[in-house]
Amino acid sequence: MAAAFPVMNVDPEHTWTTIGTASVELGVNMGTGETYDVRIYDENPIGNPDSLTLLAQGTVNDGETLSTVLSYTLDKNYVFVALFDKDRYMSVYPFGITDGKIEGVISDEPTEESRKMAPQRQKAHNVNFPDAPSASLFATSIPNGAKTVDRYYETQSGNYYVRTSDTQVNVWNGNCNLYFGAGTYNVKLTGVNNNTNIYLLSGAVVTMDVGMKYGNVNVYVAQGATLTSSINTNVHIYNRGTMNVSVLTLYSSYNPWWNDPNASDGTLYNEGTVRVSGTINVNSHSQLVNAGTITAAAINVAETGQILNKGTMTVSGHLGVENTESLFINEGTCTAGTVGVAGSADLYNDGNMTVTGETTVSSNQATWHNDGTYTTQKFTYTAGSTDVINNCKMIVTDRFYIGLGDTDRNSFQLNGGASVVTKDFEFSGPGFIKMGSGSLFHVTGKAYMAITKDVYGIYGPTRGGYAVFQAKEITRRSNINPRQGFVANYFNRVYVATDKHFNFGYSDKSDEQIANGEIGNQPFYRLDSRSGAKMSSYNGADVKIEAGQCSPGYGGQPQEEEPQAGPLGFRYCFEDNFPQLGDYDFNDVVLTVTPTVNGKNVTLKVTLDAVGATKQLAAAIRVVGLKDSDIKSCVRTGNLDSNYPNTSRVIINGMGENGLVSNSAKNNTTDVVIGLFNNAHWSIGRTIANIGSVQNWFYNTVNPTSGYAGKKNGVTPAEVTFTFELNSAEAAAHFSEKDLDVFILEPYNSAYWEVHTVPYKTDEVMRDYATNRKKELYGDNFPWAICVPGNFKYPYEWTTIGNDKSGEVIGAYRTPGHSFVEWARDQKQATDWYKYPTTEDVYK
């Protein structure tokens, strides 16, 4: 036989099937006490509405295990389980198939591993800023007896006032109070020494540089006063008026090398209006408090510098909080062009903060907390920290990017009730997003994932209400290998609500191992059903989050109808000349068998799709392991032998009204046998030739461009359905591909021989026709029948399915890497060959 078969070096262990059978043990432990409907699909029912196959179904009580058997295509090593609760909310979970088993638990209980990564409460900021100055500190008049500066423009201790004609004032001696009354001044102020107070009264319009660098110097700008200046100082400025400043720098005169009792930290406390055309620099140990309005081109908070905004702050350029222990707190309204947080700096937003450009957090020691509303065009978080936390509302109008270091400390955290709404989201490399109860991370566009390591990923809470990670589409980042494992991971009580998620599979094998069909331990993404993670449609999570100050809210809706999915059909393609040589077009009889199993009930639909033979052929199905006593009832709908002509022979005897064959008509089996038909040509064509016999056309097999006269294309397949009620679900499990022995009967050597698929190749179900010697000769590993998925496109008449005898791979299935020849040589390679027909060589 090897010399005649069209493929050389055939795999001696080949089973010639593309469909496997797996046992299912699925535990459900949700703590609800409900009964759940279970559907098992070949792909994710979310995002695959047009190409979904239902592999199995059933019901399971909470706290119990669903046990069943299903068939699946061997080119996939996973399934998707959909759970429907009493309100028809659907949650979805992927499970791998290992050694013919699908085992797992769907639970709300966190594992020891996932519990360690649950959200942690953040530290609170506790910083001492100066209190608002008392109104009594702002002078309303020049004291009686105040003196003018002397001829050297100098002051001594006491009270002095500046005349509008003065152009210079030297306050070398300190210990004085200097007053500017109503009027316009342009003064150079020099040598301001310790313990000096400078007062700008209402109506004063003063232009002077403030370059003072001594201790305990205070400047008070009253409401109605205006100061125009360039400020580089360590003094204390209290403003209730208007300040127009080119550059504002606050610093400390403290020096660790000597103990200066008059050392001073620069301070600005603003309750009026400050306009800075350049940069505000808040340097070491200096503080700026804004309870009024500040505008600036840029702000830089240097090492140990601190800013508290309680009013309105507008920065057209960069707001930098990027040095050791620098601090920025917003309790009012702040707008900036860009924001950077680095080093061991801290940024806290308790108010309303808007960044028209990008926010960058780029240190493993930085703190970024939002307890108000934070809006930014882009948010880029790199390096990683334990203290980047959103407690209220965060809005990213363009892209949220997270790319952290490889350590279990680095995270972005949303505490309970908080929300992030972003257009797009990128998760690159290891890191954690930790979500509290009732938190929402909403991606209105696409989420691009590239986590690439197990354990890292998106974590919900370990107890309480669910968090929701919602994204229209979840896909891989463009630079990620399509077979990379752990591209996304989800743990604990989090719903992944999406309309489309990138495909599932396994990845931790070499190219050769994957081609050989080996299953790995690294899924493309991990949805940890054991710890509570669930997937739902975009608006289908069973979660209600109230809209409020910190969240736009989320209200999931039940599944209006189940995903549309047909059952997996098995197409059996036969050669009709066993044990003689064939032409290996595998279209002499084409049958599609589609079982639907639901508990103890089975519907078995059979269609006769094509007949590419001229001889009379019959067909039947043996259900291996199923006994007559297992059947409670069987009803046949349709009859492929109806109006059977008396000019045609009866090959299958003992076929009852329900199609079951009586035990007396069987040979060496007590298994249930279902008779299908006695003459394939009659069943599909129902045409009598002129001589009175059945017309033996080629039905649905010949290329329409062929001039062959004996063809009939476009003929509707013949159909029959058997409806079984069985005594147990265990009996119903026999209607998997493994236990379905579909065979045809053909005339040969003055007898009727059976043509089976390879696992049952030498079995004799209906007739005793071969001696043991013949079985030995014919029992080699070459097929006369193959089993493929029900949508398989069989070759045209006289077109081989695959051939390499000439040294070149030819035939109807010849695509390199996906050819029948490669599969025939090694059944673990090219396992998806049947998906790659050469279009001009197969029946449409």
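Reply: Helices (H or I, at least four residues) and strands (E, at least two) are DSSP runs, numbered from the N terminus. This is a predicted model, in which local features need pLDDT of at least 70 and side-chain atom pairs count only at pLDDT 80 or more, while totals for chains, interfaces and linings use all residues. Residues are numbered from 1 along each chain as its sequence is written, and side-chain values use heavy atoms, with hydrogens and water left out.

Me: How many helices and strands are in the chain?
Reply: The chain contains six helices and 58 strands.

Me: Is the chain spread out or compact?
Reply: Its radius of gyration is 41 Å, well over the 28 Å that the globule rule gives for 844 residues, so the chain is more spread out than a compact globule. The radius is taken over C-alpha atoms, and the rule is 2.2 Å times the number of residues to the power 0.38. Along its principal axes, the C-alpha trace spans about 140 × 60 × 45 Å.

Me: What share of the residues counts as buried?
Reply: Of the 844 residues, 57% are buried. Buried means under 20% relative accessible area, exposed over 50%, and partly exposed in between (1.4 Å probe, protein chains only).

Me: Which residues touch the most other members of the largest nonpolar core?
Reply: They are F180, F412, F425, F441, M449, F469 and Y490, in a core of 210 residues. Strand β5 (residues 78–84) gives the most to this core, with seven residues. A nonpolar core here is a set of buried Ala, Val, Leu, Ile, Met, Phe, Trp, Tyr and Cys residues joined through side-chain atoms within 4.5 Å.

Me: What is F441 in contact with, leaving aside its neighbours within four places in sequence?
Reply: Its partners include F400, F412, L414, V420, F425 and F469. Contact means heavy atoms within 4.5 Å.

Me: Which residues does a cis peptide bond join?
Reply: It joins F578 and P579, with omega about 5°. P579 sits in the loop between β47 (570–574) and β48 (589–598).
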